[in-house]
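Here is a short briefing to read alongside the model.

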Amino acid sequence: MAKTTHIAIVSSPGFGHLVPIIEFSKRLIKNHPNFHVTCIIPSLGSPTESSKAYLKTLPSFIDFIFLPPINKEQLPQGVYVGRKIQLTVSYSLPSIHEVLKSLSSKVPLTALVVDILALQALEFAKEFNALSYFYFPSSAMVLSLLLHLPKLDEEVSGEYKDLIEPIKLPGCVPLLGVDLPDAIRNRPVEYYQHLLKSAKEMLKTDGIIINTFLEMEPGAIRALEEFGNGKSRLYPVGPITQKGSINEADKCLRWLDNHPPCSVLYVSFGSGGTLSQHQINELAAGLEWSGQRFLWVLRAPSNSASAAYLETENEDPLKFLPSGFLERTKEKGLVVASWAPQVQVLSHNSVGGFLSHCGWNSILESVQEGVPLITWPLFAEQKMNAVMLADGLKVALRPKVNEVGIVEKEEIAGVIKCLMEGGEGKGMRERMGNLKDSATNALKDGSSTQTLTQLARQWECLSGI
Ligand code: UDP
């Protein structure tokens, strides 16, 4: 019988984390069929509709183990979404241990790979004699921030948001304190302490697998390779994104068929980003005033930007649009409720721009299709991603936010016109085109595929293949 290398993977709940680690597993097996992967999936109640739909498409060649849902009542109210996810994993640790014990009693485990928000599960690697890796589903710049956090914490005495000088992470574009992730800007919060601790834990692992690629973040990746004397090796294997299933009858895709190439702005805030009612009104007016074509994925309003991230919404969002908006814009715009087949939308040749909340998966999908962006960061590390796109790679425009946190209609209409029909937008489209080619090469036989092959080879050697 052919020898097999066994890997166990622990994901964290939440669409934006669940998908990339499973896609990584698929890619590993596609390139190295002698691997066997078991994915362990913690859960916090019933998954969202998007997660349910994705989970239905799981391939048969990977084993999936769904852990019993934790009791939602155990979670504190009003904490960051990242903290909720991380606590869900903490409460699931006994079940994760059980599964690993049962697996390793049948086959030796070569490696345990865990999502960044499931870092605590790595404590089991030693017990089961497996190498330990964590999978970072965001940018090298964000990883750099986390790894430098203990040093920053020592150096900065007040609040990061009050820093006058930008933070200069090695090889990265300068970053203002106000653009740090929420959980880091608000230092006294418990989650910040958890992140500080995680930064130290990460360096104790055998490696960090990261969903980015060398050509997109050369400075940050090179600097990270040196960090901690290269003790915990860095493996940039991206861009790893979902393919999505093609539904020829999909309303968005058929609507896009009727518009000229590169003429439509796609507007979406990820798997759970929400806007306030006031902001929905401004965005609607901005889209209308811009005179450009648009496809807008709308969610019901909420004053918490991550409100729908772990919960399914039940309300019809279209009823929150300004009166007469749909009628006035029907020739140029389509508004759909809550979800669109994003990967297919971005690959449609009518789409010429993406107004995005800057979740890392959305960014990678846009890069893979060469679509320039308008950045609209909402929560987590999204502001940092916006800085990288707008100031670093210069493939996005970043609208100004007023003193009460609203992007006003005039500003919205201005940036949309600039991206879709201005000279600046043309330059961004060209730079995105180059990045798209680099991404294709990285995955074909370039940097990312070579890195994944090296990693797989090490695992194979250890398992005696
Ligand atoms: N997505 C989608 N349709 C939607 C909204 C989101 O297919 O209407 C997918 C998108 O393609 C991406 C993921 O959901 O793969 C969102 O991940 P991201 O990291 O961008 O943001 P998050 O949801 O984690 O905030």
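Of the chain's 465 residues, 47% count as buried, meaning that 20 or more other C-beta atoms, placed from the backbone, lie within 10 Å of the residue's own. This is a predicted model, in which local features need pLDDT of at least 70, side-chain atom pairs count only at pLDDT 80 or more, and totals for chains, interfaces and linings use all residues. Residues are numbered from 1 along each chain as its sequence is written.

**Overall fold**

- The chain has 17 helices and 13 strands, counted as DSSP runs from the N terminus (helices are H or I, at least four residues; strands are E, at least two).
- The radius of gyration, taken over C-alpha atoms, is 22 Å, close to the 23 Å from the globule rule for 465 residues, so the chain is as compact as a globular protein of that length. The rule is 2.2 Å times the number of residues to the power 0.38.
- Along the principal axes, the C-alpha atoms fill a box of roughly 65 × 55 × 45 Å.

**Around the ligand**

- The shell holds 19 residues, of which G16, G270, S271, G359 and S362 come nearest; a residue counts as near if its C-beta atom, placed from the backbone, lies within 6 Å.
- Helix 1 (15-31), helix 12 (342-347) and helix 13 (360-369) each give two or more residues to this shell, and helix 13 has the largest share, with 4 residues.
- The ligand lies between domain 1 (5-238 + 441-462) and domain 2 (251-439), because both give residues to its shell; the domain bounds come from an automatic or database assignment.

Note on methods. A residue is buried if 20 or more other C-beta atoms lie within 10 Å of its own, exposed if 12 or fewer, and partly exposed in between; C-beta atoms are placed from the backbone.
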